[in-house]
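Q: I would like to learn how to read a structural model, one feature at a time. Please give the general idea before each case.

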Amino acid sequence: MNQRNQTVKEPGLMCPVCGKFIPTTVAELLSCRGLDCPSCGLHLEIDRAQSQKALEALQQLDRAHMRVNSTSRFNR
């Protein structure tokens with residue numbers, strides 16, 4: 001059985017000011033009002049009304065991920 005090397009990338013985004021990585025999770029994006037850059041301290045507000053469709057898509061993704069994890073037969 002061949003195993004492929006899978007690169008697991010930490011979720012997040014690049015800071016628009018300093019260019020450093022801002023780590024986050026789907027759960028955090030769904031529940032928080034904004035994110036802070038750990039490097040320069042920039043605070044990014046999430047406009048929940050403007051981002052409603054994207055947040056709904058993230059919720060669907062999060063639910064699907066939870067279903068896959070709960071039905072997985074492999075121990076990790």
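**Reading the cysteines and the core**

Q: How far is the sulfur of Cys37 from the closest cysteine sulfur, and in which residue is that sulfur?

A: A disulfide is a covalent bond between the sulfur atoms of two cysteines. To be counted as one, a pair of sulfurs must lie within 2.5 Å. In this predicted model, the closest cysteine sulfur to that of Cys37 belongs to Cys18 and is 3.6 Å away, which is too far for a bond. Cys40 is in no disulfide either, since its nearest cysteine sulfur, that of Cys15, is 3.7 Å away. The count by this rule comes to zero disulfides.

Q: Which elements make up the chain, and in what order do they run?

A: The protein chain has two helices and four strands, in the order β-β-α-β-β-α. Strand S2 covers 21-23 and helix H1 covers 26-31. Strand S3 spans 34-36, strand S4 spans 43-45 and helix H2 spans 52-71.

Q: Which residues form the largest nonpolar core?

A: In soluble globular proteins, nonpolar side chains tend to be buried together. Here the largest nonpolar core has seven residues, namely Cys15, Ile22, Leu29, Cys32, Leu35, Cys37 and Ile46. Cys37 is buried, at a relative accessible area of 3%. Cys15 touches Lys20, Ile22, Cys37, Cys40 and Leu42, leaving aside residues up to four places away in sequence. Over the protein chain, buried residues make up 13% of the 76 residues.

Q: Is Thr24 buried or exposed?

A: Relative accessibility under 20% is the cut-off for buried. Thr24 counts as buried because its value is 6%. The residue sits in the loop between strand S2 and helix H1. With residues up to four places away in sequence left out, Thr24 touches Pro11, Gly12, Leu13, Leu29 and Leu35. Its side chain also makes a polar contact of 2.8 Å with the side chain of Glu28.

Q: What does the side chain of Asp47 reach, and at what distance?

A: The side chain of Asp47 reaches the backbone nitrogen of Ala49 at 3.2 Å. A polar atom of that side chain also lies 3.1 Å from the backbone nitrogen of Gln50. Asp47 belongs to the loop between strand S4 and helix H2 and counts as partly exposed, at 43% relative accessibility.

Q: Which residues does Leu55 touch, not counting those up to four places away in sequence?

A: Leu55 lies in helix H2 and counts as buried, at 12% relative accessibility. Outside its sequence neighbourhood, Leu55 touches Leu29, Leu30 and Arg48. The C-alpha atoms of Leu55 and Leu30 are separated by 6.5 Å, although the two residues are 25 apart along the chain. Ala27 is in helix H1, and its C-alpha atom is 8.5 Å from that of Gln59, 32 residues apart along the chain. Ala27 counts as partly exposed, at 46% relative accessibility.

Q: Where is Arg33 found, and what does it touch?

A: An exposed residue can still have contacts with other parts of the chain, as in this case. Arg33 is exposed, with a relative accessible area of 66%, and is found in the loop between H1 and strand S3. Arg33 touches Leu44, Glu45 and Ile46, with residues up to four places away not counted. Arg33 and Glu45, 12 residues apart in sequence, are 6.1 Å apart from C-alpha to C-alpha.

Key: Residues numbered from 1 in each chain as written. Predicted model: local features only at pLDDT ≥ 70, side-chain atom pairs only at ≥ 80, totals over all residues. Heavy atoms only, no water. Core = buried A, V, L, I, M, F, W, Y, C linked by side-chain atoms within 4.5 Å. Buried < 20%, exposed > 50% of the residue type's maximum accessible area, 1.4 Å probe, protein only. Contact = heavy atoms within 4.5 Å. Polar contact = N/O pair within 3.5 Å; in protein donor to acceptor, adjacent residues only side chain to side chain.
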